[in-house]
Amino acid sequence: MTYQSSLVSIIIPCYNSAEFIMETLLSIQNQSYQNWECICVDDGSTDNTKEIIEDFAEKDNRFKLFARPHELIKGGNSCRNYGFTLATGEFIQWFDSDDIMHQDKLRDKVYYLQMHSSLNYVISKTVSFLPNSEDYIESNQHLDTNNAIIDFVNYKTKFFTPGPLFRREFLQGERLFDIELKRHQEYEFFFRLILKDDNYGFVDKAHTYRRVHHNQLSKASKGTLQKRILSFMALEKMYLAYASSTRKNKELERYFIRKFKSQAFRFSLSFKLSKALKATSYLYQALNSSQK
């Protein structure tokens, strides 16, 4: 079997993406690795996103358009998870509807996993760019680590949704993107996967060009109480995943102790007493666990 015989399922959630999705799909069509299927899951677009995808699908049957079933909750997480159920490839590559693929993204990562059969996923780098700009914003991504889970939670290693290419069998039966989370969805999801298996490969090359919109920059500069509450929800789920796992790590427990202590204090200052009490409860659980 040659590495070109392995099918890659690319999964893209789409919502009112007409302005950028053509460029995204062209970057997929121009991949040097050609054995792929691109599953686009529309989340109820009201622009001509669906028409653009349908046009690609008519000319290239590797592109496939699906609508999120009405019984599934609206949102990108739901679409990503639904797309996984439709995928038939040996490898899974989630992607976003406004980002651009380097032409060798799939080739390099499939080849890496074929050459390293014991690894379940490989990660490559992402660079960001602003619309109408040819300048790339380098992110501080150090993917090479000897302490993956600790470096991940402390943001010493960082990767985005399009970063990893997974073996499908590694994800089969796993809880995927959490549909309840509105913030830090990928962070919480990748935490659980690294907790399960922290021995991943990496390609030291920027394979994804991530489009950063001006409104994202303005939102990022505003630290709101609502964001803190949403971040706490992700932290809570991460801790519960750790507490229910068989893997124990004193350094990770100290991380949770610091985070819950900080959250309890901040919620108290904001008079969010129920959240402060909840954070305090998790703090005591983490303290008790660390003393065993």
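**View 1. Contact of helix α1 with helix α2 in the predicted model.** In this predicted model, residues I21, M22, L25, L26 and Q29 of α1 meet T49, I52, I53 and F56 of α2. Sorted by class, the residues of this contact are seven nonpolar and two polar, with no charged residue among them. The axes of the two helices come within 10 Å and cross at roughly 25°, which makes α1 roughly parallel to α2. The crossing in which α1 passes α2 is right-handed.

**View 2. The buried face of helix α2.** Helix α2 spans residues 49-59, and within this helix T49, I52, I53 and F56 are buried. Seen down the axis of α2, these buried residues fall within an arc of 95°, so they line one face of the helix. Their cover includes the strands β1 (8-14), β2 (36-42) and β3 (63-67), together with helix α1 (21-29).

**View 3. Helix α10 against helix α11.** The axes of α10 and α11, the latter formed by residues 273-290, come within 8 Å and cross at roughly 160°, which makes α10 roughly antiparallel to α11. In this pair, α10 passes α11 in a left-handed crossing. On the side of α10, the residues that take part are K250, E253, F256, I257, F260, K261, Q263, A264, F267 and S268, and they meet K275, A276, A279, T280, Y282, L283, A286, L287, S289 and S290 of α11. By class, this contact has 11 nonpolar, five polar and four charged residues.

View 4. For a sense of scale, the C-alpha atoms of F260 and I39 are separated by 39 Å, the two residues being 221 residues apart along the chain.

Notes. Residues are numbered from 1 along each chain as its sequence is written. This is a predicted model: local features need pLDDT of at least 70, side-chain atom pairs count only at pLDDT 80 or more; totals for chains, interfaces and linings use all residues. Side-chain values use heavy atoms; hydrogens and water are left out. Axes are lines fitted to C-alpha atoms, for helices over the stretch in contact, and angles run from 0 to 180 degrees between N-to-C directions. Helices (H or I, at least four residues) and strands (E, at least two) are DSSP runs, numbered from the N terminus. Angles under 35 degrees count as roughly parallel, over 145 as roughly antiparallel, 65 to 115 as roughly perpendicular and the rest as oblique. A crossing is left-handed if the near helix is turned anticlockwise from the far one by less than a right angle, and right-handed if clockwise. Contact means heavy atoms within 4.5 Å. Ala, Val, Leu, Ile, Met, Phe, Trp, Tyr, Cys and Pro count as nonpolar, Asp, Glu, Lys and Arg as charged, and the others, Gly among them, as polar. Buried means under 20% relative accessible area, exposed over 50%, partly exposed in between (1.4 Å probe, protein chains only). The arc is that of the directions from the helix axis to the C-beta atoms.
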